[in-house]
Every structure is written in structure tokens, then in C-alpha cells.
Amino acid sequence: MLEDNERAERYLDLTGLDADTLRGGLNDPTVLASVFDFLANHEPDLIRAAEALAVTPEELIAARQELAS
């Protein structure tokens with residue numbers, strides 16, 4: 001999320017979080033859900049994040065759905 005400055009700035013602006021809070025919240029289901037939702041709502045970000053993580057966009061969406069259950 002934070003490797004791409006433009007994407008990171010948009011996410012942090014939309015959520016009101018700062019980079020340290022995001023990093024510290026990586027075990028918080030609410031923070032994780034907000035990251036997945038952010039990516040899912042902008043396909044180019046979803047695709048780039050999936051590529052960076054060496055997964056498919058569908059796997060990221062599935063991870064979000066699993067987190068919600």
C-alpha cells in the first residue's frame with residue numbers, strides 16, 4: 001500500500017490514518033478491511049497491488065471476503 005506514494009496519499013487522505021497507524025494496524029481486521037476495500041474500489045490499484053504481492057486480484061478480493069466472515 002505505502003510503496004506507491006500516490007496510492008498511499010489517497011488512502012491516508014480518505015481514511016484519516018497516518019502511515020504509522022496503518023503500519024501498526026496490520027493485525028487489526030478493521031484496518032485490513034479498509035485496505036482491501038480501498039483497493040477493490042479502484043481497479044488499477046487492485047491490479048498493481050496484486051502484481052506487487054504476486055497474487056491475483058481475485059485472491060485479494062477473496063481475502064477481503066474471508067476477513068468479513
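Modeller: A polar contact is a pair of N or O atoms within 3.5 Å, where within protein one must be able to donate a hydrogen and the other to accept it, and residues adjacent in sequence count only if both atoms are side-chain atoms. This is a predicted model, in which local features need pLDDT of at least 70 and side-chain atom pairs count only at pLDDT 80 or more, while totals for chains, interfaces and linings use all residues. Residues are numbered from 1 along each chain as its sequence is written, and side-chain values use heavy atoms, with hydrogens and water left out.

Biologist: What joins the side chains of Asp45 and Arg48?

Modeller: A polar contact of 2.7 Å joins them, and the limit for such a pair is 3.5 Å.

Biologist: Why does Asp45 count as buried?

Modeller: Buried means under 20% relative accessible area, exposed over 50% and partly exposed in between, with a 1.4 Å probe and protein chains only. Asp45 has 0% relative accessibility, and therefore counts as buried. Asp45 lies in helix α4, a helix being a DSSP run (H or I) of at least four residues, numbered from the N terminus.

Biologist: Which residues is Asp45 in contact with, leaving aside neighbours within four places in sequence?

Modeller: They are Arg7, Arg10, Phe38 and Leu39, where contact means heavy atoms within 4.5 Å.

Biologist: Which residues does Leu60 touch, not counting those up to four places away in sequence?

Modeller: Leu60 touches Phe36, Leu46, Ala49, Ala50, Leu53 and Val55.

Definitions and conventions: Helix = DSSP H or I, 4+ residues; strand = E, 2+ residues; numbered from the N terminus.
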